[in-house]
Amino acid sequence: MPLSIESNMKSQFVTVKGSKFIDSEGRQIILHGVNIIDKSREHNYLSWHGSEEFAKMREWGFNCIRLGIIWDGVEPEPGCYDDEYLTGVDIRIQWAKENNIHVILDMHQDLFSAKFGGDGAPDWAVLDEGKPHIHTGPIWSSAYFTSPAVHTAFDNFWANKPARDGIGLQDHFARAWQHVAKRYADEPAVIGFDIFNEPFPGSSILKTMELKMKVLLDAIASKQDRESFSRAEIMRMLSRYDDDLIRYADDFEIYKTFVDAGASVSKEFESTVLSSFYTRVAEAIRQVDRNHILFLGTHILCNVGTPSGIMPILDPQGNRDPLQAFAPHGYDIVTDTTQIANANAERVKLIFERHAETARRLAMPVFIGEWGAFGDYPNTLNPAKIVVEQIEKHLFSDAYWNYWGRRIEETPYFPVIVRPYPAAVAGELILCKSDFDSRRISYIWRENPAITAPSLIYLPSQWFSKGYEVKLDPLGEGWSFKEVRESSGYLVIPPVGKSVDRRLEVSS
């Protein structure tokens, strides 16, 4: 666990140092867990998971959850906050705390509001000017690109247009976050706040898609004998994720050309409109809470590899907020389709390399807030392995999307979610690599002699059902094993007390 496997969570907060998350012992921690959410008004936006599921997550080695909260649940009427709803959130945070699981609160939205078949903003905050909601195609997210109502609602939100009480929509949103932050300001079980799920730019997406359309038409024409597809045919492919689209997306040159087209438009949105919004919300939160990390999500197109122009949060004096992290998502383009098992390793590699480039520019730790979404689709072991290879390569923290039902334990990809990982190292993590097929893991970390707490490596019984061999160099005081449940638990490795690279290999 990131803090202690002997007792409940200590009173100090997880912090940020450069590109690392740091626990109260000074160790670098890797956050690893799952999303917990319910998007339905009928359930008051409170998920079905109970104390039993939280205990299971501890046994699975998860040390964090990304817990969805909904603006509509927090502020159902302008300026009126529903503390009964937040009491339900309190209960889930307490269950997490009892199991030494950290919580990242995620103010979630999809398609801006339930009015458009999604979730997020309360009805009073939906200023769509009566525009039609047009949704074509089998994929829910295609409405982002086809619905004038969704575009207009986002445009008015980013413009901070006033609600019926005369207060700007963003101002309302920032105050809602302030209300939440004040409630949890002194709660160390909460790591921080994911400010806005998958920011969508509104009508400027049309300009972006026009640029993408042009380069896609040219790229396809250069690959075939016929002159080109028509613009209407391209739109059909994009909205329906049909076989033609998948075939061309498997051509990496075409795919990269497509995701890069229009990047200047999306980068401008992130560096200006989104940056201003994050600053507004951060100022509201920092008035009541200086303990928690602010997690910054990207333009929705960055999910599939478009480069990001996101900027760090600055205070009114122009200084960087010391507690912020980069929280992008990573989804191959086949996500949410029947082609989900056919993930492309080159596309996935591009997505995570782009996130790594942005993280270096920002000099922030990375938390992949969402990946996967495999649900109960068959043949999803390989796509999961492809993503986790990239997460480990870049030393990212992550939360799988999502803990969707009790049958998740029966899915083919489950052993890739419940995998070994370095929960805490007494210094700086250098290498993290797992081989699912051979059941072998390799880690390297450079120890800091000032840290006296042990390194903690989670080992699941699913990986090492027949036992395991440990190779540790230098050996130092060796290692012990702290069981959590039925042979799953943590290697506890005392530090050697000097600056040295520790190498660990575990094999079945």
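Me: What makes both faces of E6 count as covered?
Reply: His102, Ile104, Asp106 and His108 on one side, and Val103, Leu105 and Met107 on the other, are all buried. Buried means under 20% relative accessible area, with exposed over 50% and partly exposed in between (1.4 Å probe, protein chains only). The model is predicted, so local features need pLDDT of at least 70 and side-chain atom pairs pLDDT 80 or more, while totals for chains, interfaces and linings use all residues. Residues are numbered from 1 along each chain as its sequence is written, and side-chain values use heavy atoms, without hydrogens and water.

Me: Why is strand E6 called mostly covered?
Reply: In strand E6 (residues 102–108), 7 of its 7 residues are buried. Strands here are DSSP runs of at least two residues and helices (H or I) runs of at least four, numbered from the N terminus.

Me: How do you know which strands pair with E6?
Reply: Two strands pair if DSSP finds at least two bridges between them. Strand E5 (residues 64–70) is joined to E6 by 7 bridges and runs parallel; Leu67 has Leu105 as its bridge partner in E6. Strand E7 (residues 190–194) also pairs with E6 in the parallel sense, over 4 bridges. There, Val103 stands opposite Val190.

Me: What makes Leu105 stand out in the largest nonpolar core?
Reply: Among the 148 residues of that core, Leu105, Trp177 and Ile195 touch the most other members. Such a core is a set of buried Ala, Val, Leu, Ile, Met, Phe, Trp, Tyr and Cys residues joined through side-chain atoms within 4.5 Å. Leaving out residues up to four places away in sequence, Leu105 touches residues including Leu67, Ile69, Trp177 and Val190. Contact means heavy atoms within 4.5 Å.

Me: Why is H5 called roughly perpendicular to H6?
Reply: Helix H5 (residues 148–158) and helix H6 (residues 169–184) pack at about 75°, with their axes 7 Å apart. Angles of 65 to 115 degrees count as roughly perpendicular, under 35 as roughly parallel, over 145 as roughly antiparallel and the rest as oblique, so H5 is roughly perpendicular to H6. The axes are lines fitted to C-alpha atoms, for helices over the stretch in contact, and angles run from 0 to 180 degrees between N-to-C directions.

Me: Which residues of H5 and H6 meet?
Reply: Asn156, Phe157 and Trp158 in H5 meet Leu169, Gln170 and Phe173 in H6.

Me: What makes E15 and E18 edge strands?
Reply: In the open sheet of 4 strands, ordered E15-E16-E21-E18 with antiparallel pairing, strand E15 (427–435) and strand E18 (469–473) each pair on one side only.
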